[in-house]
Amino acid sequence: MTTKLLLTFAICRLIVTVGLTVDPSELLLLGVDGQLSVDPFEVETASLDFGLLTRVEPMAVLHPGSADDIARLVRAAYISSHGFTVSARGHGHSINGQAQTSNGVVIEMSGGSRGSRLGLRKLDKPQVSVKEKHVEVWGGELWIDVLRSTLEHGLAPKSWTDYLYLSVGGTLSNGGISGQAFNHGPQISNVYELDVVTGKGEILACSEEKNSDLFHAVLGGLGQFGIITRARIALEPAPQRVRWIRVLYSNFSTFTRDQEHLISLHGNPTSRKFDYVEGFVIVDEGLINNWRSSFFSPRNPVKISSIAGNGGVLYCLEITKNYDESTAGTIDQEVEALMKGLNFIPSSVFTTDLPYIDFLDRVHKAELKLRAKGLWEVPHPWLNLFVPKSRMADLDRGVFKGILGNNKTSGPILIYPMNKSKWDQRSSAVTPDEDVFYLVALLRSALDNGEETQSLEYLTNQNHKILRFCDDAGIKVKQYLPHYTTQEEWMDHFGDKWDQFYRRKMEFDPRHLLATGQRIFNPSFTSSSGTVSPW
Ligand code: FAD
């Protein structure tokens with residue numbers, strides 16, 4: 001009772017002070033099983049994300065107790081005469097405020113600050129079906145917890161992201177990619193079924209067979225069509241160990257030729273292909289300080305200056321081979337056979353061997369180190385591009401050897417190819433028009449260390465320059481985890497898929513209430529001052 005009074009008071013105060021347009025009774029009458037909160041600390045948490053580039057305060061935060069809570073909230077928003085927006089927030093690892101909303105409620109799908117502080121009941125633990133090789137998970141479950149649950153049964157999902165403290169709903173709303181994508185496709189290609197709360201507040205199960213338009217819309221759908229509350233994810237037998245290898249190249253075309261050769265082996269039997277193919281660019285000696293460099297042991301120092309190529313740029317191919325007791329006897333030969341045809345710098349082979357879970361959870365180790373140094377919670381002006389294979393050499397010349405010059409990098413620059421055939425064209429995800437395309441991910445942190453080239457302003461300008469360069473050179477890139485501010489840019493981004501995207505929006509979220517932080521659609525409700533803008 002006291003909580004309800006406090007909440008009423010807080011919502012009323014918000015309405016008076018900032019002129020919000022919602023009737024508090026609309027929220028209070030919801031009667032949710034979870035908790036609706038206007039606690040300033042929680043509102044502050046929900047107004048920020050990993051990027052630390054934008055800050056948008058929601059009106060309140062919902063910690064759902066069930067999918068029904070989410071449906072009740074969205075339904076209230078849908079039928080509300082004033083209208084308010086609703087944004088699911090996974091783990092808040094977006095860069096540009098994609099999970100934020102003003103004039104609305106943020107749903108903390110993965111617990112948020114309150115969840116972790118108060119140890120709120122976890123929603124439905126992952127349910128593994130060993131027979132069917134799948135796992136049913138809550139939409140806010142973190143991938144690390146999905147992995148831990150499935151490993152108890154000797155199984156694991158097939159397709160990953162490099163970092164596992166991301167939510168299932170969050171990565172399925174984008175794609176979910178890592179070095180396994182060439183082989184298994186992105187995470188959105190490895191889902192059998194979803195439960196989704198649409199923008200009308202209905203809970204619908206969907207799959208290839210049932211409500212298939214909603215299913216395909218939601219996968220890669222940037223949260224525009226519904227909130228994923230449950231996902232059924234494909235599993236495979238989990239390997240026990242991983243042989244993890246890095247080799248260096250000074251020549252870009254040799255590097256990409258080898259990467260493309262390795263991903264072309266996707267149809268081979270397991271023993272005759274790698275399980276993971278990635279790579280990164282080294283534009284300076286930042287490799288040593290790079291957050292992914294924990295791989296290189298002190299006994300194995302990298303003397304970049306002794307092997308630096310033209311323009312001082314090096315490229316690192318990163319590959320892995322999974323194995324277990326039954327294949328431990330042949331792993332050396334398998335790796336050797338696969339590496340035989342590659343043309344890396346012979347003296348630059350770095351190998352390590354570790355348990356599967358340690359490999360998958362590798363970025364978290366780097367996170368802990370950066371946190372200890374106060375370097376994790378800093379602005380992240382990240383830029384992720386999908387680049388058609390045929391234009392990679394131009395990108396190398398113009399960006400890696402051009403715009404990035406000899407700047408010290410304050411974060412990794414990933415570069416790896418994927419096969420378009422592994423992406424279901426019926427999903428909402430957008431990729432370039434070539435059979436093979438690359439992820440080029442500039443994952444840089446802005447540092448306030450007096451070095452101009454690492455400042456937020458400098459890095460942001462550099463990102464603009466890179467996008468302009470691609471535009472001027474006619475390189476038809478697609479942004480991954482896209483960020484645009486006008487509908488024209490979004491139409492351009494979706495290209496042929498825009499009409500379908502728009503039709504699906506009108507069908508599943510006709511009032512445009514959901515995920516307004518993506519800035520694709522304006523909500524269709526009005527206040528006394530006209531149309532309400534969510535950003
Ligand atoms: P949020 O940022 O909270 O949400 C992202 C969007 O999805 C928002 O629009 C939100 O409204 C919507 N959303 C969230 N939950 C749901 C739901 N249940 N239903 C419907 N919509 C929802 N991505 C890769 O693909 N590969 C990587 O290797 C990778 N590595 C990363 C490493 C780090 C350190 C970080 C910070 C990010 C990385 N990402 C990677 C990006 C990541 O996939 C995105 O940030 C993604 O948004 C997931 O983050 P999240 O779960 O915190 O979602």
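**Nonpolar cores and aromatic pairs**

In this predicted model, the largest nonpolar core comprises 74 residues, and Leu172, Ile177, Leu194 and Met418 have the most contacts inside it. A separate core of 41 residues lies apart from the largest one and includes Leu265, Phe274, Leu317 and Met339. When residues up to four places away in sequence are left out, Ile177 touches Trp160, Thr161, Asp162, Pro186, Phe386, Tyr416, Met418, Trp423, Leu439 and Tyr480.

Two of the residues touched by Ile177, Phe386 and Tyr480, also form an aromatic pair with each other. A search of the whole structure gives 26 aromatic pairs. In the pair of Phe386 and Tyr480, the ring centres are 5.1 Å apart and the planes are at 25 degrees; the pair is stacked. Phe386 belongs to strand β15 (residues 383-388) and Tyr480 to the loop between β18 (478-479) and α17 (487-494), so the pair ties together parts that are 94 residues apart in sequence. Phe386 and Tyr480 are both buried.

The pair of Phe501 and Phe521 is stacked because its ring centres are 6.3 Å apart and its planes are at 10 degrees. Phe501 is in helix α18 (residues 498-508), whereas Phe521 is in the loop between α18 and β19 (526-527); the pair therefore ties together parts that are 20 residues apart in sequence. Both residues, Phe501 and Phe521, are buried. They also belong to a cluster linked by ring pairs, together with Phe225, Tyr484, Trp490, Phe494, Trp498 and Tyr502.

How values were computed: Residues numbered from 1 in each chain as written. Predicted model: local features only at pLDDT ≥ 70, side-chain atom pairs only at ≥ 80, totals over all residues. Heavy atoms only, no water. Phe/Tyr/Trp six-rings, centres within 6.5 Å; stacked < 30°, edge-to-face > 60°. Helix = DSSP H or I, 4+ residues; strand = E, 2+ residues; numbered from the N terminus. Buried < 20%, exposed > 50% of the residue type's maximum accessible area, 1.4 Å probe, protein only. Core = buried A, V, L, I, M, F, W, Y, C linked by side-chain atoms within 4.5 Å. Contact = heavy atoms within 4.5 Å.
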